[in-house]
Amino acid sequence: METFYRTSAYLVSHVYSPVRRALMDEINWSSRLIGIKGSRGVGKTTFLLQYALEKYGPDDRRCLYINMNHFYFYSHSLREFVSQFQQGGGRTLLIDEIFKYPGWCEELKWIYDNYPKVQIIFAGSTVMRLKEANPVLNGIVDSYNLRGFSFREYINLMTGSNFRSYTYDEILNNHVQIATEITQAVKPLNYFKDYIHHGYYPFFLEKKNYSEMLIKNMNTMLEVDILFLKEIELGYLPKLKKLLHILAQEAPCSPNVSMLAKSIETSRATVVNYLSYLKEARLINMLYVNDEQFPKKPAFVYMHNTNILYPICLNEVEPRQLRETFFYNMIHQSNKLNKSTERNVQFLVNKRDRFRVCDWVVRTKNNPEYWYAIDNFEVGHDNVIPLWLFGFLY
């Protein structure tokens with residue numbers, strides 16, 4: 001136990017988190033069982049350690065950070081560990097990589113029922129099933145999603161600013177005033193292309209090759225988050241990788257499931273399942289027409305974020321891909337997105353607002369019934385909103 005305390009104290013005291021994530025203030029920290037899901041590389045470990053530093057400090061033995069990758073847990077149970085933790089005065093246990101522990105759902109439920117004085121805060125893959133999809137933990141776990149950096153978080157870090165986030169309706173109703181206030185302080189377009197290329201995953205702060213790190217990160221998503229959690233044989237990994245490569249080259253695209261099945265030499269049903277797995281791992285997004293959802297074929301497939309496009313497509317990325325992928329990624333956290341049924345209008349937001357996402361030079365006629373998200377535009381007017389401003393939604 002002392003080894004775990006020493007490791008935890010060291011990690012908490014040395015955590016580097018230059019941007020305080022907005023999720024820190026959205027979580028109900030009084031809950032006894034909290035699950036934090038996030039894709040690889042978005043900073044879940046840092047988030048747990050930052051919470052420990054803010055709430056307890058590195059030397060407070062009431063709080064302990066552990067990682068389930070430790071070999072100790074191959075011969076000792078988690079419930080046994082929690083028993084020792086509580087006897088030593090422990091109150092909050094931060095558990096990383098929870099899904100690496102066999103039977104983690106049942107174990108957390110047992111601990112929740114038998115150790116009411118111990119709070120468990122755990123982090124793991126987006127592929128994990130929680131709440132409604134998990135009958136064991138449903139009703140006792142509070143689940144949250146940690147996303148990659150928004151453009152707002154990125155620009156705050158780059159400029160030392162402290163811009164707040166805005167709701168979707170605030171941006172629609174007050175975008176001119178909001179954009180004017182921001183652009184008087186900084187020039188967002190000076191940072192936007194860098195964010196699009198390498199600003200979503202916090203590991204851009206490390207002095208390493210970002211593309212190589214991102215490729216490694218995506219491989220881990222495929223090999224661990226999908227194959228391990230979905231219990232898929234390793235021999236199917238090349239098919240998953242080939243499918244992701246094809247989608248990235250064509251996205252945004254309306255997937256031809258039969259052609260994809262032929263290309264990766266598998267069945268149509270398997271392709272549809274693979275699309276779902278890639279979405280759960282936060283590698284792609286799927287856009288449906290109104291009132292349709294999985295397992296129906298999506299109307300369009302997008303990459304999950306713009307950063308993913310560059311290493312897969314070898315930097316040959318179309319501006320349209322970047323614009324629409326960014327818009328989808330920023331908006332879909334707290335809003336309902338569907339494919340618009342109207343020509344040249346890509347998105348229907350919250351079943352109400354029709355959005356055309358484009359470059360200023362191709363917008364030839366303003367339709368007052370649409371909203372326009374315009375690239376390379378600093379401050380909008382009326383129904384024309386600069387694309388970058390949607391990066392301030394969280």
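Strand β9 (residues 347-349) and strand β10 (residues 353-359) run antiparallel and are joined by 3 bridges; helices (H or I, at least four residues) and strands (E, at least two) are DSSP runs numbered from the N terminus. Within this pair, Leu348 stands opposite Arg354 of β10. The model is a predicted one, in which local features need pLDDT of at least 70 and side-chain atom pairs count only at pLDDT 80 or more, while totals for chains, interfaces and linings use all residues. Residues are numbered from 1 along each chain as its sequence is written, and side-chain values use heavy atoms, with hydrogens and water left out.

Both strands belong to an open sheet of 5 strands with mixed pairing, in the order β8-β9-β10-β11-β12; two strands are taken to pair if DSSP finds at least two bridges between them. At the edges stand β8 (337-339) and β12 (384-386), each with a single partner strand, so one side of each has no neighbour in the sheet. On average, neighbouring strands here are turned by 35° against each other, direction ignored. Axes are lines fitted to C-alpha atoms, for helices over the stretch in contact, and angles run from 0 to 180 degrees between N-to-C directions. Helix α13 (residues 319-331) lies across β8, β9, β10 and β11 (371-375), and runs at about 140° to β10; contact means heavy atoms within 4.5 Å.

Gln321 counts as buried because its relative accessibility is 7%, the classes being buried under 20% relative accessible area, exposed over 50% and partly exposed in between (1.4 Å probe, protein chains only). A polar atom of the Gln321 side chain lies 2.6 Å from the backbone oxygen of Ala251. A polar contact is a pair of N or O atoms within 3.5 Å; within protein, one must be able to donate a hydrogen and the other to accept it, and residues adjacent in sequence count only if both atoms are side-chain atoms. Beyond four places in sequence, Gln321 touches Ala248, Gln249, Ala251, Pro252, Leu309 and Glu316.

A second topic is the open sheet with parallel pairing, whose 5 strands follow the order β2-β3-β4-β1-β5. Its edge strands, β2 (63-67) and β5 (142-145), each pair on one side only. Neighbouring strands of this sheet are turned by 15° against each other on average, direction ignored. Strand β3 (residues 92-96) pairs with β4 in the parallel sense over 4 bridges, with Thr92 opposite Gln119 in β4. Helix α3 (residues 78-87) packs on the sheet and touches β2 and β3, its direction making about 150° with that of β3.

Strand β2 is mostly covered, with 4 of its 5 residues buried. It runs parallel to β3, and 5 bridges join the two; Asn67 has Asp96 as its bridge partner in β3. The chain crosses from β2 through α3 to β3 in a right-handed β-α-β crossover, where right-handed means that, with the strands pointing away from the viewer, the path from the first strand over the helix to the second runs clockwise. The buried residues of α3 are Leu78, Phe81, Val82, Ser83 and Phe85, and their cover includes α1 (2-13), β2, β3 and α4 (104-114). Just after α3, Gly89 takes a positive phi of about 95°.

In strand β4 (residues 119-124) sits Ile120, which counts as buried because its relative accessibility is 3%. Its C-alpha atom is separated by 6.0 Å from that of Thr92, 28 residues apart along the chain. Leaving aside residues up to four places away in sequence, Ile120 touches Arg32, Leu33, Ile34, Leu93, Ile95, Leu108 and Ile111.

The nonpolar cores complete the picture. A nonpolar core is a set of buried Ala, Val, Leu, Ile, Met, Phe, Trp, Tyr and Cys residues joined through side-chain atoms within 4.5 Å. The largest has 111 residues, and those with the most contacts inside it are Ile36, Leu247, Phe327, Phe347 and Phe355. Helix α8 (residues 210-230) gives the largest share of this core, 8 residues. Ile36, apart from neighbours within four places in sequence, has contacts that include Leu23, Ile27, Phe47, Ile121 and Tyr144. A second, separate core of 31 residues includes Tyr72, Leu93, Ile98 and Leu130.
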